[in-house]
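User: I would like to learn how to read a few features of a model. Can we start with strands and then move to helices?

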Amino acid sequence: MKVVTIVGARPQFIKAAVVSHILRKKHTEILVHTGQHYDYNMSQQFFEELAIPEADYNLGISGGTHGKMTGRMLMAIEEVLQKEQPDWLLVYGDTNSTLAGGLAAAKLHIPVCHVEAGARTYSRTNPEELNRICTDHIAALLLASTQSGMDCMEKEGLSERAALVGDPMYDAFLEYSGRTELTDIRLALLEGTLACVPDKYYYLTCHREENTRNDRTLLEIFRAMEQLDAPVLYPVHPRNKERALRIKQEQAFHNLILTEPVGYLESICLVNHAEKIVTDSGGLQREAFFAEKKCITILDFVCWPETMVEGRNQLAKPVAEDILDKLGQPQRVVETYHPFGDGHSAEKIVKAMEVYQTKRGSEGL
């Protein structure tokens with residue numbers, strides 16, 4: 001079985017780290033990096049520390065509008081697929097890379113396997129939601145991370161192509177947690193110096209356009225962080241770096257520690273040892289859940305309903321008072337509740353592709 005895998009962003013690198021290791025034991029994989037995340041700390045560092053095989057193709061496509069980026073990726077991926085003639089096109093999640101890969105393969109009649117299928121926020125203003133829906137409806141094999149994904153696909157008439165395999169991000173979290181000690185982490189501050197991680201801290205990630213496109217929303221988030229009882233570590237996304245640093249300096253916020261982006265091993269170590277998490281990241285919500293840490297998600301829609309139980313993950317508006325109120329509410333961890341699978345989703349993903357391929361061959365397709 002020959003598989004072309006498309007990756008382009010941090011969560012996809014993490015999923016590919018566990019799936020590619022299983023896939024390559026028996027099959028041929030061609031890895032295509034679109035370049036959507038191009039910064040060293042957002043891309044190459046993940047490949048190195050997770051021992052992800054070097055990309056066979058690096059398309060170097062980043063920046064521009066959603067349409068321009070997706071269109072350029074579509075053309076470049078089509079050329080790769082025409083050259084490689086794979087049995088499968090494997091895509092993860094909901095990025096422009098995912099949609100471009102899915103469209104290119106479907107138009108060439110190459111079966112598409114979509115991992116993390118069925119996830120829905122029911123927010124059509126969210127570009128990732130549109131990517132998810134379109135990719136699901138053109139994919140041949142839909143592999144859901146959670147039961148809610150299966151339920152959404154049933155409502156959309158996609159059940160016959162769907163299977164529940166669990167979340168490869170949970171596989172990765174179990175595999176890589178503990179490989180980095182907190183005392184070994186050195187954070188590169190935006191001010192240009194190094195600092196050890198405080199004994200007690202909160203962990204903030206904030207990169208979505210709706211939270212960072214103007215001073216007002218980011219200032220409110222920073223106001224909340226400034227009032228917490230311990231420092232707040234904030235690895236800043238490159239596109240938000242200038243605004244975040246300027247606001248901190250203008251307001252003389254002392255509780256915020258702004259750093260360059262961190263690698264995956266550092267990030268899950270920081271999650272595991274943080275007091276609480278504040279984020280707008282779909283991936284970090286899950287990692288906080290895996291680590292049994294209280295999480296506040298600054299969004300107006302639910303990404304992962306499985307995490308929104310017993311106060312473990314709560315939505316908050318980008319308003320300081322709402323964030324602080326939600327942070328102060330208790331959570332309860334139910335030890336028997338494991339909605340993201342058993343940590344063996346990578347094996348199930350590869351097996352599902354093998355079964356589909358065998359069936360397709362027996363039918364002469």
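Analyst: Start with a cut-off: buried means under 20% relative accessible area. Keep in mind that this model is predicted.

User: Which way do the side chains of strand β6 point?

Analyst: In a regular strand the side chains alternate between the two faces of the sheet. In β6 (residues 141-144), Leu141 and Leu143 point one way. Leu142 and Ala144 point the other way, and all are buried.

User: In what sense do β5 and β6 pair?

Analyst: Strand β5 (residues 112-115) pairs with β6 in the parallel sense, over 3 bridges. Cys113 stands opposite Leu141 of β6.

User: Now helices. How do α9 and α13 cross?

Analyst: Two packed helices are described by the angle between their axes and the distance between the axes. Here the axes of α9 (residues 215-226) and α13 (residues 320-327) come within 8 Å and cross at roughly 45°. That makes α9 oblique to α13. The crossing of α9 and α13 is right-handed.

User: Which residues make the contact?

Analyst: From α9: Glu220, Ile221, Arg223, Ala224 and Met225. From α13: Ala320, Glu321, Ile323, Leu324 and Leu327. The residues of this contact of α9 with α13 divide into 7 nonpolar, no polar and 3 charged.

User: Last, a loop. Is Pro261 buried or exposed?

Analyst: Pro261 has 11% relative accessibility, so Pro261 counts as buried. Pro261 is in the loop between β12 (256-259) and α11 (264-273).

User: How far apart are Pro261 and Leu190 in sequence and in space?

Analyst: They are 71 residues apart in sequence. C-alpha to C-alpha, Pro261 and Leu190 are 9.9 Å apart in space.

Definitions and conventions. Residues numbered from 1 in each chain as written. Predicted model: local features only at pLDDT ≥ 70, side-chain atom pairs only at ≥ 80, totals over all residues. Heavy atoms only, no water. Axes fitted to C-alpha atoms, helices over the stretch in contact; angles between N-to-C directions. Helix = DSSP H or I, 4+ residues; strand = E, 2+ residues; numbered from the N terminus. Parallel < 35°, antiparallel > 145°, perpendicular 65-115°, else oblique. Left-handed = near helix turned anticlockwise from the far one by under 90°. Contact = heavy atoms within 4.5 Å. Nonpolar A, V, L, I, M, F, W, Y, C, P; charged D, E, K, R; others polar. Buried < 20%, exposed > 50% of the residue type's maximum accessible area, 1.4 Å probe, protein only. Pairing = 2+ DSSP bridges.
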